[in-house]
Amino acid sequence: MALLASLALSAYAASKLLAGAHLINTLAWFGLALIGHDLVLLPLYSALNVIASRAVNTRAASTINYLRAPAAISGLLLLVYFPSILGLNHANYRADTGLNGGVYLGRWLLITAGLFTLAGIAGALQLRRHAARRGQAAE
C-alpha cells in the first residue's frame, strides 16, 4: 500500500511539474544529475574510497567509516546547497526572502568541521577501547 501511495504521489508531483513551464528545466536537471553523478561523482568517490581504504591498515579497517560518514554528509550538504554555498543565488535569495544569503559557506564549513571533529573523537575512542582490550588480552 505504501509503495502504491508513493507512486501515486510521485505521479501527481511529476504531472504538476511537467505541466508547467518548467519542463525544459526539469529535463535538463535530470540529465545533468545523471551525467554528473554517473560519469563524474561515482568514479571520483570510488577512487577516493580505494585510496582511503589502502591508507588504513587492515586491523583498523573499520576506522575508515569515521572518514566516510562525515565526508558523505558534508558532500551531500554541498550537493544540495551548492548554489547558496558558492554564492550563486545571493541576489535572488535576498529578493525572495529579504535575508542575507552570504552565510551558507561559513555555516557549511562549520558543520563540516564539526562532523569531522565528532568523527575523530569517536574514532579515537574506538581505537582506545581496542588498545585497552589488547592490553587486557596480553596480560
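Student: How much of the accessible surface of the protein chain belongs to carbon and sulfur atoms?
Tutor: That's 71% of about 10,800 Å², with areas from the Shrake-Rupley method and a 1.4 Å probe. Keep in mind this is a predicted model, where local features need pLDDT of at least 70, side-chain atom pairs count only at pLDDT 80 or more, and totals for chains, interfaces and linings use all residues. Residues are numbered from 1 along each chain as its sequence is written, and side-chain values use heavy atoms, leaving out hydrogens and water.

Student: OK, how many helices and strands are there?
Tutor: Five helices and zero strands, taken as DSSP runs (helices H or I, at least four residues; strands E, at least two) numbered from the N terminus. The radius of gyration is 22 Å, well over the 14 Å that the globule rule gives for 139 residues, so the chain is more spread out than a compact globule. That radius is over C-alpha atoms, and the rule is 2.2 Å times the number of residues to the power 0.38.

Student: And what percentage of the residues count as buried?
Tutor: 9% of the 139; buried means under 20% relative accessible area, exposed over 50%, partly exposed in between (1.4 Å probe, protein chains only).

Student: Switching to α2, where does the kink lie?
Tutor: At Leu-41, shortly before the proline Pro-43, and about 40 degrees. The bend is the angle between axes fitted to the seven residues ending there and the seven starting there.

Student: What about Ala-55, buried or exposed?
Tutor: Exposed, because its relative accessibility is 66%. Ala-55 sits in helix α2, and its C-alpha is 26 Å from that of Leu-77, 22 residues apart in sequence.
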